[in-house]
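I opened this notebook to keep a record of what I looked up, entry by entry. The sequence and the structure come before the entries.

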Amino acid sequence: MRSVVFAVLVLLVSAGASLADYDRSKAWFNELTYQERIRTQFLLVFTGDYETIVDGAFGPQTYKALKNFQKHREFGSDGVLDAAQTLTLQRDGLDLVKRVGFETRNEALTGITFGIPSKLFEASSKSERGHRWQAYDHSIELETLRIAKGDTSYKELYQRLTSSTNGRSLKTRLFRNDYFVVSGQQDGRDFFVRIMKTPEDSRGFSLFWDKKHAVFMKRVAVAMSNSLRYYDGGPEAGKLDAMTSAPELRSLPRANGPQEQTDPPGQVYKKPAGSSSGSGYVLTKEGHIGTNAHVVSECSYLDVPGYGTATLVQADLVNDLAIIQLDRKHADHVVKFRAKQPILRGEEIFVLGYPFAQLLDNNLNFTHGIVSSLAGVQGDIRHFMVSAPVQPGNSGGPVLDRTGALIGTVVSRLDKFKTLRVAGDLPENINFAIRGRLMATFMESLGLGPSYNTITSLKSPTQIDEEAARYTVLILCKN
């Protein structure tokens, strides 16, 4: 019995120590600037310790990669890099960067910016849908692609690449609204495909290599996948030199644990370092997007997957509304506002957005409910209450009526635990939206013209979902 108790105590102590290491590693990583966090993850890709999304956000995969890097070099494995370890990471990561000549290219033909191991290839040649590169002995082949939606849709392309064919076996199949990744083996060779979705086409690259190159080409493929961006023709568009060449990382003191942070009186709360996400909807064909101010007002960098980067135009902190604009300044589909009919208690509504974006692989969520009250907390008439489920990440998404017209912007949900302390019970499906007329008025104040719905016939939920998916977007805030 004593031995069992002792074993349990050992496990508890071990788990506590691991959690403390994780927290210290997270605190250290988040003290880095956004660019330094990106560089660190890229360098871990090149050392072979990190094989997932380079996004500057800390999580279990980043923690595991840091510890693996330290373990493989016989450092103390706690997930916190001191000055000497940081220099070792730079040296080892950049070694492969230099050996393969990994550099950034802007390709106007396919509309992509991507990293390419230039020393591995001879001169490129033009292909049917992009460019093709080959090693001198054809043991490595790369092709860039741009496929019009009218030729093959994004989903059809994924289905074709993941279909069972003779000589092909799949290792990775990742399908998201904005991109997909497929990897595996075909005819005895390894392959890796990364394709991005845009409103007009699908674009990306395919990479094949002989097994003799497997050790380093897997790292190169992951780095290329993470370097892929949209290119709209601007001289600096999608430039990733700072990430891939990784200039010296500043050395930070080792963290002793999370520090409590307080904002000075009168200061507006700022988002902590890292990434967060919200939802939005396209307002104009010039690429303006409506969302909440709290989603975008304190971001160093805004990304709208499937559309590229964006810039904050104006935030209305009083009403918690904001308008951003795609840097490409173009969109095909826009939301239409409800014209004059008042919002009615009990009417059916639909909510779209991207809750828990990282957990749910950035998949669009569509929920149904009713308008349950015509006012918000303490009778705030700018808001109305909806019964449709709302989760973190839904903020900024559209609330639509049965004709598909916009009547509101999701803003918040009632905090369950605060309500439990105050009221003694847990609330269910008490969520709030900002009235659509406030966003329309905000647009007009900036010289933008809202589009209004002229259709009065009711639509099926499936039709509303299909139409709204074209203008509802995920917004990534990075700091």
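I took helices (H or I, at least four residues) and strands (E, at least two) as DSSP runs, numbered from the N terminus. The model is predicted, and I kept to its limits: local features need pLDDT of at least 70, side-chain atom pairs count only at pLDDT 80 or more, and totals for chains, interfaces and linings use all residues. Residues are numbered from 1 along each chain as its sequence is written, and side-chain values use heavy atoms, with hydrogens and water left out.

Entry on helix 2. I then looked up burial, where buried means under 20% relative accessible area, exposed over 50%, and partly exposed in between (1.4 Å probe, protein chains only). Helix 2 is mostly covered, with twelve of its 13 residues buried, including Glu36, Arg37 and Arg39. Just after helix 2, I noted that Gly48 has a positive phi of about 85°.

Entry on a sheet. I counted two strands as paired if DSSP finds at least two bridges between them. I found an open sheet of three strands in the order 1-2-10, paired antiparallel, whose edge strands, strand 1 (102-107) and strand 10 (229-230), each pair on one side only. Strand 2 (residues 112-117) is joined to strand 10 by two bridges, and Ile112 stands opposite Tyr230 in strand 10.

Entry on Thr144. I located Thr144 in strand 5 (residues 140-148), where Thr144 is buried with a relative accessible area of 0%. Leaving aside neighbours within four places in sequence, I found Thr144 in contact (heavy atoms within 4.5 Å) with residues that include Glu107, Thr110, Ile112 and Phe114. Thr110 is 34 residues from Thr144 in sequence, yet 7.0 Å from it in space, C-alpha to C-alpha.

Entry on the disulfide. I looked for cysteine sulfur atoms within 2.5 Å of each other, and the structure holds one disulfide. Cys299 lies in the loop between helix 8 (293-296) and strand 13 (301-304) and Cys477 in strand 22 (residues 472-478), so the pair ties together parts that are 178 residues apart in sequence. Their sulfur atoms are 2.0 Å apart, and both Cys299 and Cys477 are buried. The torsion about their S-S bond is about -115°, so I recorded the disulfide as left-handed.
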